[in-house]
Each structure stands twice: as structure tokens, then as C-alpha cells.
Amino acid sequence: MESTAPQSPAGLSTAPSWLLNQTASHAARLLSEGFAAHDLRGYHYRLLATLAEEGPASQADLGRRCGIDRSDVVAAINDLAGRGLVVRAPDPADRRRNVISVTDAGIDEARRMGDTVERVQRDLLAPLSTSEREQLTRLLTRLLRHHSGS
């Protein structure tokens, strides 16, 4: 079945904001479907990947690093802990805080989910050459940095 882009007024069809939004929606759907195969979601991957790359963190710090709201972090950590992918322990420096660490199973799951992310990138960018993919990434990075103030 061939996918078609949504019909839009002519003025929108060439507007970068419209094109970015439509492509982002498609990318989000592909990622969501890919993560569903793991019975997990994007929040789970962001948390696991951050813990695997950067090491243990408090729930609050983890939420800030991942850009995830505190209540969503708690729910996602509860889910990951229930699956044995992370462990929560009191912070020895401040017993009021919890420190979250990734387990070996969590590292393995982060790696599998990372493979899914790579596959989705290949699928999403399939019509582009390697140099076009690199150029698109550079341009999107530049736009994001400009608009996020970094």
C-alpha cells in the first residue's frame, strides 16, 4: 500500500514548518511502532540509554537530562524497575532522594532499542543519499540549537 502525504493548501505544501511537522509525525509513528515491539515507549528508551551512557542518577536529574516531566519519570522508572531493567536505591548522600541505576538486562534492552532507532532512521531517510542524510542532520541540528538557545 502506497503512503500519500496529507493534502494541504498549496502555500503549506512547500512551507518548511509544514514539511518538518509532517515528517516528524511520520518519524514519531515509526519509532512508536518500533518501540512497541519491545513493549516499551520512547521515555523508556531515553531513560535506559541515558543511564547506560552516563551512569546512575537521581530521578530528578534523570528527568532533567532526558527532558521528561517528573511525574512521567516516576511512572517510567516504576515500569522499568518492575521489569528488572533499572534499580532504585536511596542516595547515600541524601536519603530523601533515590538513585536510579541500569541493570545488565537494562543495558541489553537499551542496546536492542538503539538498534531499533537506527533501523527507523534508515527507513525514514531511505530516499536520501549518505551525503544528503549528513546535510539534513547538520541543518536540523543548527535549527534546533538556534531555537533552543544552545
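1. Ala105 is partly exposed, with a relative accessible area of 36%. Partly exposed means between the two cut-offs: buried is under 20% relative accessible area and exposed is over 50%, with a 1.4 Å probe and protein chains only. Ala105 sits in helix H6. The model is predicted: local features need pLDDT of at least 70, side-chain atom pairs count only at pLDDT 80 or more, and totals for chains, interfaces and linings use all residues. Residues are numbered from 1 along each chain as its sequence is written, and side-chain values use heavy atoms, with hydrogens and water left out.

2. What does Ala105 touch, not counting residues up to four places away in sequence? The partners are Gly84, Leu85 and Arg112. Contact here means heavy atoms within 4.5 Å. Leu85 is 20 residues from Ala105 along the chain, and their C-alpha atoms are separated by 5.5 Å.

3. Now the overall layout. The protein chain has seven helices and three strands. These are DSSP runs, numbered from the N terminus: helices are H or I with at least four residues, strands are E with at least two. From the N terminus on, the order is α-α-α-β-α-α-β-β-α-α. The C-alpha trace spans about 60 × 35 × 30 Å along its principal axes. Of the 150 residues in the chain, 28% are buried. Take the contacts between residues at least 6 apart in sequence: 51% of them join residues at least 24 apart.

4. A salt bridge is a side-chain nitrogen of Lys or Arg within 4 Å of a carboxyl oxygen of Asp or Glu. Arg112 is partly exposed at 41% relative accessibility. Glu109 is buried, at 10%.

5. Glu109 has a further side-chain partner, His38. The two side chains are joined by a polar contact of 2.8 Å. A polar contact is a pair of N or O atoms within 3.5 Å; within protein, one must be able to donate a hydrogen and the other to accept it, and residues adjacent in sequence count only if both atoms are side-chain atoms. Where is His38 found? His38 is in the loop between helix H2 (16-36) and helix H3 (42-54). His38 is buried, because its relative accessible area is 19%. Setting aside residues up to four places away in sequence, His38 touches Arg83, Glu109, Arg112, Met113 and Thr116.

6. Arg83, one of the residues touched by His38, takes part in a salt bridge with Asp79. The closest N and O atoms of that pair are 3.1 Å apart. Asp79 is partly exposed at 28% relative accessibility, and Arg83 is partly exposed at 35%.

7. Another salt bridge links Asp91 and Arg97, with the closest N and O atoms 2.5 Å apart. Is Asp91 buried or exposed? Asp91 counts as buried, at 7% relative accessibility. Arg97 is partly exposed, with a relative accessible area of 39%.

8. Gln59 belongs to helix H4. At 18% relative accessibility, Gln59 counts as buried. Its side chain makes a polar contact of 2.8 Å with that of Arg88. Neighbours within four places in sequence aside, Gln59 is in contact with Val73, Val74, Ile77, Arg88, Asn98 and Ile100.

9. Last, a helix pair. Two packed helices are described by the angle between their axes and the distance between the axes. H3 and helix H4 (residues 59-66) pack at about 105 degrees, with axes 10 Å apart. H3 is therefore roughly perpendicular to H4. Roughly perpendicular covers 65 to 115 degrees. Axes are lines fitted to C-alpha atoms, for helices over the stretch in contact, and angles run from 0 to 180 degrees between N-to-C directions.

10. Which residues of H3 meet H4? Arg46, Leu47, Thr50, Leu51 and Glu54 in H3 meet Leu62, Arg65 and Cys66 in H4. The residues of this contact divide into four nonpolar, one polar and three charged. Ala, Val, Leu, Ile, Met, Phe, Trp, Tyr, Cys and Pro count as nonpolar, Asp, Glu, Lys and Arg as charged, and the others, Gly among them, as polar.

Note on methods: Angles under 35 degrees count as roughly parallel, over 145 as roughly antiparallel, 65 to 115 as roughly perpendicular and the rest as oblique.
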